[in-house]
Amino acid sequence: MKYAPILISLLLIILLIQPVSSAINTELITNAWPWGNKSEPFPWLEYLKNLPHPEGITLTIITRHENTIITKAKEAFLNSPVAKELGITNIVAIYAGAEQWETYISQALAAGRPIDIAWGGGPTLFNYIDEKGYIEPLDNQTHPEFNAILYEMQKIPERIAGSPTWKVGDDGFVHWIGAAISSFGFTVNHDKLKEYNVPVPKKWRDLADPIYAKYLPATQLTGIADPTKSTSNTRMYEIILQAYGWDEGWKVLTLMAANAKIFDSSSGVRDAVIRGDIAIGITIDFYGYTAMHQNPACEYIIPEGESIVNADPIAILKDTRYPVQAAAFVAWVLSEYGGQQVWLEPDINRLPINARVFETDIGKQRSDLKQAYEVATAKGVIEFNETLSGLTKDAIVFYFKATLVKAHDDLQNTWAAIAQAYLNGQINEAEFNYLVNELTKPFEFTDPLTGQQVTFTLDYAIKINDELQKGEIYQALMSQWEDGARQRYLKAYDDLQKILSGEITITTTTTTTTTTTQPTTTTTTTSPGQTTTTTSPTTTTTTTTTTTTTTETPSGAGIPTNLVVAIIVIIVLIGVIVYYMRPRK
């Protein structure tokens, strides 16, 4: 035991060292940066310049950002002292859909030309490539250049409007950091709303209202984007499913799609609202602010209590050949003197993640965007389950694509007929609700994994999500989903015709049950000579139950059930008679 004091001392040293490493990466030690107390802007630049790095290099970025953002950022960065002093001469952007990222990143790695940085695309996409092992953790012990990123990160609150602004992995290191924030809602064109005399929506559910179907299919007043072409619209569909619940959420999404024109991009939705081609389009916030800037008739609306604020990430990718320059670019993007000012450009209008940018000379000129930042971060939000998003995103995207995009013509035509019959008084509310249920209810299909009949429940979405990457599974389900959806829509249209012709009758019975609890008297002795009597009031509980009954009148071509029974009975009697009258041997 003579070595016990030494072992204890070593253990204490380890325990003291380990928290420092963790704190640097997740809690940040803000008074001990390796460059000391150098002043802004970019106090870390001289420190990075003294670390070993090559000169005359090109950084490669994979992105979901629009060309406008990358072009503005590239110009500002290459003209900054950061790029000039670290020998960065060019930036090359790879514009790729979310489904292409893994392929691009893995192929670049295999070719020995790894992509340096991932920027823009939302937490779900970044969490996915992180799970695949493509993101470099910000370990500032192994990579001291990462201190520059962590320094800029300290200026950002850990959460904004309840949402995390960076991700810490199981290893204790930061993996990605938000470079901007986004809310989600819809942009309206008030001139178009007035022209067609339709209301301003306030909630997601409002976009499913039949009022927006009164000019369909010739004139579509609302717009959404194909989720396979837009990560921001996908996020809004996920928000709706989590805000309303799985079953009700799909009902809202179905009717929202039924009302809408479906565009191939989220920017296409925005531009249509600006031009006045449609009255309402679902948009990420900065598209809404851009629309307001370009057309004063436009307004961006955040659904109260039904949105979220997302951090839009940036990260360094595995095996970058230029870790010092990659770290410098990410730190520059997070700095209020660097990339955060790009968001304030009038043709970009994004909400920065570092609010200190509003204190700069350029930031003070954008009081309108500062107000938008304050509104977005103060709005009521839902508690969004990012883990659930990761478990279901592909299933949601492809089911939406098959049932609401590919089968959109049948969906919209049927919905237009139902909605207009209701608005014109040809069907009553009970009949309308019955038809909406028929139009939106789940349908059965064959699970290619088990051969069993299933519906698209939340559990099934989780089960099938990863399997959809297999070509044969994808093809089997996409075909079934589109066919099943079309059959459902055509069945609802057929039911409408039967209701209009009187073949189907929808009756609603309302039963009211009233329960009355008689008052009770309680006598309590509180002290000698004092008695308190308490009488509870009469309580009445009323329960109302509404039952909808569907009665279908048989058409003349069918055989009445009583006739079928009579025929069967006669056949049986003839058989018995023949049996007993047959000749005996």
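Me: Is Asp-319 buried or exposed?
Reply: Keep in mind that this is a predicted model. Asp-319 has a relative accessible area of 53%, and the cut-off for exposed is over 50%. So Asp-319 counts as exposed.

Me: Where is Asp-319, and what is its phi near?
Reply: Look in the loop between strand 12 and helix 13 (323-334), which is the place of Asp-319. Asp-319 isn't a glycine, yet its phi is positive, near 65°.

Me: And Phe-42, is that one buried or exposed?
Reply: Phe-42 sits in the loop between helix 1 and helix 2, and it has a positive phi too, near 55°. Its relative accessible area is 9%, and buried means under 20%. So Phe-42 is buried.

Me: What about the bond from Leu-216 to Pro-217: what is its omega near?
Reply: Pro-217 lies in the loop between helix 8 (190-196) and strand 8 (222-225). The peptide bond from Leu-216 to Pro-217 is cis, with omega near -5°.

Me: How do helix 10 and helix 16 cross: roughly parallel or roughly perpendicular?
Reply: The axes of helix 10 (residues 246-259) and helix 16 (residues 408-423) come within 8 Å and cross at roughly 90°. That angle makes helix 10, relative to helix 16, roughly perpendicular.

Me: Which residues of helix 16 make that contact?
Reply: From helix 10 come Thr-254, Leu-255, Ala-257, Ala-258 and Asn-259. The contact residues divide into 5 nonpolar, 4 polar and no charged. On the helix 16 side, they are His-408, Leu-411, Gln-412 and Trp-415.

Me: Why do the buried residues of helix 14 line one face?
Reply: The buried ones are Leu-369, Ala-372, Tyr-373 and Ala-376. Looking down the axis of helix 14, its buried residues line one face because they fall within an arc of 105°.

Me: Which exposed residues does the face turned away from the buried side of helix 14 carry?
Reply: The buried residues of helix 14 are covered by elements including strand 7 (174-189) and helix 12 (285-294). The face turned away from that buried side carries Ser-367, Gln-371 and Ala-378.

Me: What is Glu-438 in contact with, leaving aside its neighbours within four places in sequence?
Reply: Glu-438 is in helix 17 (residues 429-440), and it's buried, with a relative accessible area of 9%. Leaving aside those sequence neighbours, Glu-438 is in contact with Arg-488, Lys-491, Ala-492 and Asp-495.

Key: Residues are numbered from 1 along each chain as its sequence is written. This is a predicted model: local features need pLDDT of at least 70, side-chain atom pairs count only at pLDDT 80 or more; totals for chains, interfaces and linings use all residues. Side-chain values use heavy atoms; hydrogens and water are left out. Axes are lines fitted to C-alpha atoms, for helices over the stretch in contact, and angles run from 0 to 180 degrees between N-to-C directions. Helices (H or I, at least four residues) and strands (E, at least two) are DSSP runs, numbered from the N terminus. Angles under 35 degrees count as roughly parallel, over 145 as roughly antiparallel, 65 to 115 as roughly perpendicular and the rest as oblique. Contact means heavy atoms within 4.5 Å. Ala, Val, Leu, Ile, Met, Phe, Trp, Tyr, Cys and Pro count as nonpolar, Asp, Glu, Lys and Arg as charged, and the others, Gly among them, as polar. Buried means under 20% relative accessible area, exposed over 50%, partly exposed in between (1.4 Å probe, protein chains only). The arc is that of the directions from the helix axis to the C-beta atoms.
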